[in-house]
Amino acid sequence: MKGRQVIRKYKAGERRFSRVKLRRAKLGGAILPNINLSFADLGKADLHSANLTGANLKGCDLVEADLRDANLSDANLRGANLYEADVTSAQLAQAESLRGAILPHGGRHE
């Protein structure tokens, strides 16, 4: 699936995109609050400046994803893999949960 397909389906009212393959997807600046991307492959995806408020990103592969300036307020990042993702600790502090997530430096959040 491509980033623009997700945006189009989201605008049409769909919110569930569990387990989709969006490696290298271009979702920069997308407005996707409360989207369910649990266990999705978002490795190397462009999510800079995306609004992911309240998003379910549980178990997501976000390895090397560009999350610069993305809004992660109240996002569920339990068990997500953020290894080498471009994201700040201030952004991650806004998430609802990081339990078990692999952080950008490789450590695991307890």
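Helices (H or I, at least four residues) and strands (E, at least two) are DSSP runs, numbered from the N terminus. The model is predicted: local features need pLDDT of at least 70, side-chain atom pairs count only at pLDDT 80 or more, and totals for chains, interfaces and linings use all residues. Residues are numbered from 1 along each chain as its sequence is written, and side-chain values use heavy atoms, without hydrogens or water.

I35 is found in the loop between α1 and α2 (89–93). I35 is buried, with a relative accessible area of 0%; buried means under 20% relative accessible area, exposed over 50%, and partly exposed in between (1.4 Å probe, protein chains only). Beyond its neighbours within four places in sequence, I35 is in contact (heavy atoms within 4.5 Å) with V6, Y10, R15, F17, L52, A55 and N56.

Helix α1 spans residues 3–11, and its G3, V6 and Y10 are buried. They cover an arc of only 60° around the axis, so they lie on the same side of α1. That arc is taken from the directions from the helix axis to the C-beta atoms. R4, R8 and K11 are exposed on the other side. Just after α1, G13 takes a positive phi of about 110°.

R15 lies over the face of Y10, at 3.7 Å from the ring centre. R19 lies over the face of F39, at 4.7 Å.

Key. Lys NZ or Arg CZ within 6 Å of the ring centre and 35° of its normal.
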